[in-house]
Amino acid sequence: MATYKSQETPLQASAEAVFSKLSNLENLRSLLEKVPADKIPEDKKAMFDSISITPDSITVPGGPVGALTFRISEKIEPTLIALSGEGSPVPLSLAMHISPVSEAECKAQVVIDIEIPAMLKPMIGGHIQKMADQFGEVLKAIPF
């Protein structure tokens, strides 16, 4: 299992507020609706429009490999939200660790665990690290 971690992202909200917002994945729907159309590449619009969200899962079309669903597998209030990948060709999980700093601040770190063959790691490891870093950056844009 390979592990990829984002940098710790400082957030101007309490750990409880961040946990509350992100532990119900339907709260992400309003964020998707606010993405400007000109920021979505033309060849990705159909995929973006096909994202399906429930309170405990998010499903994204995966092209030739099929849809990939992330389902909440564990919640520890207010410090952990873990999601497991379903429909992935390899075991995959994503976790957000939330560390309280003060009553009005916290830090969050995204951790992706994926089981990839050693010979593929050099080819795709950088892409997965970039994905972890991008998840960390997206957290900064969420109004908590």
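Where does P78 lie? P78 sits in the loop between β5 and β6. Strands here are DSSP runs of E with at least two residues, helices are runs of H or I with at least four residues, and both are numbered from the N terminus. A cis peptide bond joins E77 and P78, with omega at about -5 degrees. In general, most peptide bonds are trans.

This is a predicted model, in which local features need pLDDT of at least 70, side-chain atom pairs count only at pLDDT 80 or more, and totals for chains, interfaces and linings use all residues. Residues are numbered from 1 along each chain as its sequence is written, and side-chain values use heavy atoms, with hydrogens and water left out.

Start with the largest pocket. About 1900 Å³ of space lies in it. A pocket is found on a 1 Å grid over the protein atoms alone: it is an open set of points where a 1.4 Å probe fits, with protein on both sides within 12 Å along at least five of seven lines. Grid points are joined across faces, edges and corners, and the volume is the space filled by probe spheres set on the points. Rolling a probe the size of a water molecule over the atoms shows where empty space is left.

Which residues lie nearest the centre of the largest pocket? They are V60, F70, M131, Q134 and F135. The lining of the largest pocket holds 47 residues, where a lining residue has an atom within 4 Å of a point. Of these residues, 36 are nonpolar, 7 polar and 4 charged. Nonpolar covers Ala, Val, Leu, Ile, Met, Phe, Trp, Tyr, Cys and Pro; charged covers Asp, Glu, Lys and Arg; the others, Gly among them, are polar.

The largest share, 10 residues, comes from α4.

Now turn to the charged pairs. Side chains of opposite charge can pair when their charged atoms come close. A search of the whole structure finds 4 salt bridges. Each is a side-chain nitrogen of Lys or Arg within 4 Å of a carboxyl oxygen of Asp or Glu.

D56 forms a salt bridge with R71, and the closest N and O atoms are 3.5 Å apart. This pair links distant parts of the chain: D56 is in the loop between β3 (52-54) and β4, R71 is in strand β5, and 15 residues separate them. R71 also forms a salt bridge with E86, where the closest N and O atoms are 2.9 Å apart. That pair, too, links distant parts of the chain, with E86 in strand β6 and R71 in strand β5, 15 residues apart.

D56 is partly exposed at 34%. R71 is partly exposed at 30%. E86 is partly exposed at 34%.

K140 pairs with E137, the closest N and O atoms being 3.3 Å apart. The two are separated by about one helical turn, because they are 3 residues apart in helix α4. K140 is partly exposed at 49%, and E137 is partly exposed at 48%.

Elsewhere in α4 is D133. D133 is partly exposed, at 32% relative accessibility. D133 and K5 are 128 residues apart in sequence, yet 7.3 Å apart in space, C-alpha to C-alpha.

Two strand residues follow. I58 is in strand β4 and is buried, with a relative accessible area of 17%. T69 is in strand β5 and is buried at 12%. The C-alpha atoms of T69 and A2, 67 residues apart along the chain, are separated by 20 Å.

Terms used
Buried < 20%, exposed > 50% of the residue type's maximum accessible area, 1.4 Å probe, protein only.
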